[in-house]
Amino acid sequence: MERSVLLLLVLVAALVAAQQDVANTFCPICNMVVVPSIAQAIKGNQAVYACDMAGHFHQLTTSPATFLRGAAIVKQLPEPYTHAKMGCPVCGELSFTHAIPWAPHGNQKIFACSEDHAKQILANPTAYFTSTPQNDTTDFCQGATGMYDGFQSAFHGFCPRIFFESWVLDSTIKYAIGFIGVVLLGVAVEALTDIQAALQKRFAKRYAVSIWAKEVDDEDALSKELLACDNGPHLVSRRLPLWCKAILAGVYMCTMAGAYLLMLVVMTYETGFFFAAIIGLGLGFYFFKDVDDLVMEGNPDPCCST
């Protein structure tokens, strides 16, 4: 039993050691850290990885010749391939003399055992791709991305990923649920802003402790002159109990959490979600904001709130 467990651990360690260091592997297009699940396998146990920016993986796999540069001589495997167990994509040879870099950025390469084999790979890179990418297409969209290169639509484009890696909206139903959710999030942000203002007024009216003083420290000469005519005590400030402040702080944190989540959705640059956020905020303003007040309170903007 102990031997079996030990053998299993050795095999797992060998598999881990056989892979390149993906944590230190960077996208050839934008130089961002790659996502391990977004990979195109290449013969010889090699692969090319990409980030989750829309279109980057698709560009690398559909037109790889555009991103592969001329072969260079290598004496040893560089980072992040120092512990990788690979073979030449053409013949399977385990020793390498040349490397073909993916460019213009990143640190990824395809390794070959000779200059001739490197030239063969450069001539037709897709011939050495061995499997379909893990983030395949659906009838609604393809791939998955957390941020588009400028405003784009997910319809027949790239599937949007929001908040979590597993939240990929790759179908019409999922996208519709996400759209409605973003609208409701915008409404909730405006509602929480109004609730915070209403609670603050209510607490100040019912529970605030007023502090009075006969003398007021005011540097304004006119204020001093006016106050000198009044011999009664003057209201200096109002203080809320700690439990009131705690409730207001909790509502404020919820408001900011919703506002930041809404900001992250907009930062995906998915056109539909941008309009969903605007619609949600507009509906929340319409239903919850008291426009008849002389001063409209509340600011749900996470970038400029105070």
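**Figure 1. Helices H4 and H7 cross each other in this predicted model.** Two packed helices are described by the angle between their axes and the distance between the axes. Here, the axes of H4 (residues 172-206) and H7 (residues 271-288) come within 7 Å and cross at roughly 35 degrees. Axes are lines fitted to C-alpha atoms, for helices over the stretch in contact, and angles run from 0 to 180 degrees between N-to-C directions. Helices are DSSP runs (H or I) of at least four residues, strands (E) have at least two, and both are numbered from the N terminus. The crossing is right-handed, a word used if the near helix is turned clockwise from the far one by less than a right angle.

**Figure 2. A closer look at who meets whom between H4 and H7.** On the H4 side, look for residues including Tyr175, Phe179, Val183 and Asp194. Their partners in H7 include Phe273, Ile279, Leu283 and Phe288. Contact here means heavy atoms within 4.5 Å. The residues of this contact divide into 15 nonpolar, 5 polar and 2 charged. Nonpolar covers Ala, Val, Leu, Ile, Met, Phe, Trp, Tyr, Cys and Pro; charged covers Asp, Glu, Lys and Arg; the others, Gly among them, are polar.

**Figure 3. Gln108 sits in a loop but is buried.** You'll find Gln108 between strands S4 (98-101) and S5 (109-112). Its relative accessible area is 1%; buried means under 20%, exposed over 50%, and partly exposed in between, with a 1.4 Å probe and protein chains only. The side chain of Gln108 reaches the backbone oxygen of Phe26 at 3.1 Å. A polar atom of that side chain also lies 2.7 Å from the backbone oxygen of Tyr49.

**Figure 4. Asn45 and His156 have positive phi without being glycines.** Asn45, with phi near 65 degrees, lies in the loop between S1 (39-42) and S2 (46-49) and is partly exposed at 45%. His156, with phi about 60 degrees, is in the loop between S6 (142-145) and S7 (158-160) and is exposed at 71%.

**Notes.** Residues are numbered from 1 along each chain as its sequence is written, and side-chain values use heavy atoms, leaving out hydrogens and water. In this predicted model, local features need pLDDT of at least 70, side-chain atom pairs count only at pLDDT 80 or more, and totals for chains, interfaces and linings use all residues.

Key. A polar contact is a pair of N or O atoms within 3.5 Å; within protein, one must be able to donate a hydrogen and the other to accept it, and residues adjacent in sequence count only if both atoms are side-chain atoms.
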